[in-house]
Amino acid sequence: MLASCARLRGGAVLGPLPALPAVLAPAAPALAAPAAPAAPRQPRRGLHAIYAVKSKRHASSVLPPPTQPGRTALYDFHVEHNGKMVPFAGFVLPVQYGAVSIGDSHLHTRAAGSASLFDVSHMLQTEVHGKDRAAFMESLTTADVQGLAPDSGTLTVFTDPTTGGILDDLIVCSTSEGKLFVVSNAGRRQHDQKLMLQAEERLRAAGKDVTLRFMEPEEQSLLALQGPGAAKALAPLLEGADLDKLYFMRTVSAKVAGVPCRVTRCGYTGEDGVEISMASEHALKVAQALLDAKTAAVQLAGLGARDSLRLEAGLCLYGSDIDATTTPVEAGLAWLVAKRRREAADFPGASVILKQLKEGTLRRRVGLVPVERGPPARGHTAIYAKGKEAEDAIGEVTSGCPSPSLGHSIAMGYVQTPHNKVGTEVHLLVRNKYVRAKVTKMPFVQAHYYMPPK
């Protein structure tokens, strides 16, 4: 979700999946122990493994994962549009549509005058009520929630109190209705609900005023409209808000196609766009109205394009590029630790994270591009300094795929800090062959977020 650093997970696939083109890299845990070149190569995992199952939970309590994946309110809509449905994070969601390849869907999202519509209703949507709602959220994250202006949001992370590791990434919006609107990862739904419920109980026991409301997909849906044409597609349908003044990470309560919605200017592609939350009973009406827009070319897009788009944008996937073993500093996300929170040193894991900010870390997340032709690096690909026999690995790729926009492979991963400088040449062990690559800045493609004028 990283603005989403989203906002994503392991688990077992629940059923047979359609054959998919090898466009994307598999998701993988963050840097593991170095592997020697002679070690057996990990089996390649494609989209089938990326879109594996976690679980679906109910608002009233944290329940055990179900035996079958759930469906969003738009399941039939996806099937009618030839969506190729796969299990992902406890739900069945489209990975692509009909004969439109993942690569073509990806390029459409970045094309002038175009936009793509994603169903992201599987994400966990939560409202936090009460006068102590900001203190509640600050007890779990690194954000300056008290400092948020009404109708504005921030990307942040849940951090482990002992290790400083990232427990999930999420977006927190402060609304003018006197509540916080929070969106976190579907694959961490059960964990996040338990974490927040425990904090709610702790604060209420201390006399604080805070109440949680988890909105399950049966009740509340979430659509992401992304691309250069997103604003043009939305504008004729929007009532009660000035889209020209709705800048990146701003949120508003408005109507879309006559339906009451929360519209937030954010996304997970690096393009301009919005995420629209509405009652699930109206999700089909809003989705169809956006798809029928005459002011921009809007197409449905699935999980496949969403993943390659976020990687080009240099955004993290939870469970692959960030996890509980990774701190914000190691992940290159130190900017998520707000200035006031650093000064107060009152966030979970502050002692570890502040020490890393001062002294540095042993590894860092970096971008990688090839300097010679070769197969693309996938998750778990070992990274070496010189590409020699019996050499110890200096890191590991966490995400990688051929970039539809750039025409060559891209990857991100973790390397030991002496090797993390931009321009440093490294060697990736791909299919038992060393492929030369170099460390590069991210994002791999320029972001086009709708920012306020300077």
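**Note on aromatic contacts and the main pocket**

1. R363 lies over the face of Y414, 4.8 Å from the ring centre. A charge is taken to sit over a ring if NZ of Lys or CZ of Arg is within 6 Å of the ring centre and within 35 degrees of the ring normal.

2. This is a predicted model, in which local features need pLDDT of at least 70 and side-chain atom pairs count only at pLDDT 80 or more, while totals for chains, interfaces and linings use all residues. Residues are numbered from 1 along each chain as its sequence is written, and side-chain values use heavy atoms, with hydrogens and water left out.

3. The protein chain has ten helices and 21 strands (DSSP runs numbered from the N terminus: helices are H or I of at least four residues, strands E of at least two). Of its 454 residues, 58% are buried (under 20% relative accessible area; exposed is over 50%, partly exposed in between, with a 1.4 Å probe and protein chains only).

4. Three aromatic pairs turn up in a search of the whole structure (ring centres of Phe, Tyr or Trp, the last by its six-membered ring, within 6.5 Å; planes under 30 degrees apart are stacked, over 60 edge-to-face, the rest tilted). The pair Y247 and Y450 is stacked, because the ring centres are 5.3 Å apart and the planes are at 20°. This pair links distant parts of the chain, 203 residues apart: Y247 is in the loop between β11 (238–239) and β12 (251–256), and Y450 is in the segment after β21 (433–440). Y247 is partly exposed at 21% relative accessible area, and Y450 is partly exposed at 26%.

5. Y384 and Y434 form an edge-to-face pair, since their centres are 5.6 Å apart and their planes at 90°. Y384 belongs to strand β17 (residues 382–384) and Y434 to strand β21, 50 residues apart. Both residues are buried.

6. The largest pocket is lined by 34 residues, with G332, L333, W335, R365 and M442 nearest its centre (a pocket is an open set of points on a 1 Å grid over the protein atoms alone where a 1.4 Å probe fits, with protein on both sides within 12 Å along at least five of seven lines; lining residues have an atom within 4 Å of a point). Elements giving two or more residues to this lining are β6 (152–159), β16 (363–370) and β21. β16 gives the most, with four residues.
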